Amino acid sequence: MPWMKTRPTADAAGCSDRTLKRNMDIRGGCLNLGEHYRHGPSANSSYLWHVERTIEALAHRGLVAAKGRELLLELKATEQKN
């Protein structure tokens, strides 16, 4: 089953519930409504997460962050030479 509640999805992704929710698009994150998560059938329902898509998006976000850090280090090294 690709759609699961928050806690099992967080466990599968190796992060906390809070990390998942902090990365929702409505909070400026990389996880999009309809693609990575959806609302449950009622206002009090848990979010449901597409586990595979969520893990892929978080992994991609991590790769982008690592590449950004690498580029910053290269830029600083170049500036120090000049």
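Predicted model: local features only at pLDDT ≥ 70, side-chain atom pairs only at ≥ 80, totals over all residues.

Guide: Residues are numbered from 1 along each chain as its sequence is written, and side-chain values use heavy atoms, with hydrogens and water left out.

Now, where does Ile55 sit? Helices (H or I, at least four residues) and strands (E, at least two) are DSSP runs, numbered from the N terminus. Setting aside residues up to four places away in sequence, Ile55 touches Ala12 and Ala13, where contact means heavy atoms within 4.5 Å. Cys15 is 40 residues away from Ile55 along the chain, yet their C-alpha atoms are separated by 9.8 Å.

Let us follow the helix itself. Helix α3 covers residues 51-81, and its 31 residues should span 45 Å at 1.5 Å a residue; the end C-alpha atoms are 46 Å apart, so the two values agree. The expected span is 1.5 Å times one less than the number of residues. Val51, Thr54, Ala57 and Leu58 are the buried residues of α3. These buried residues pack against β1 (3-5), α1 (6-13), α2 (17-22) and β3 (48-50).

Two of those partners deserve a visit. In strand β1 we find Trp3, which is buried, with a relative accessible area of 14%. Beyond its neighbours within four places in sequence, Trp3 is in contact with Gly34, Glu35, His36, Tyr37, Arg38, Leu48, Trp49, His50 and Arg53. Trp3 and Ser46 are 43 residues apart in sequence, and 11 Å lies between their C-alpha atoms.

Helix α2 holds Asp17, a partly exposed residue at 26% relative accessibility. Apart from neighbours within four places in sequence, Asp17 is in contact with Thr6, Arg7 and Ala10.

Moving on from α2, Met24 belongs to the loop between α2 and β2 (37-38). Its relative accessibility is 0%, so Met24 counts as buried. Away from its neighbours within four places in sequence, Met24 is in contact with Gly29, Leu31, Tyr37, Tyr47 and Trp49. Tyr37 and Trp49 are also among the contacts of Trp3.

Finally, let us step back to the whole protein. The protein has three helices and three strands, running β-α-α-β-β-α from the N terminus. Its C-alpha trace spans about 60 × 20 × 20 Å along the principal axes. The radius of gyration is 17 Å, whereas a compact globule of 82 residues would have one near 12 Å. That radius is taken over C-alpha atoms, and the globule rule is 2.2 Å times the number of residues to the power 0.38. Of the 82 residues, 26% are buried. Among contacts between residues at least 6 apart in sequence, 48% join residues at least 24 apart.

Note on methods: Buried < 20%, exposed > 50% of the residue type's maximum accessible area, 1.4 Å probe, protein only.
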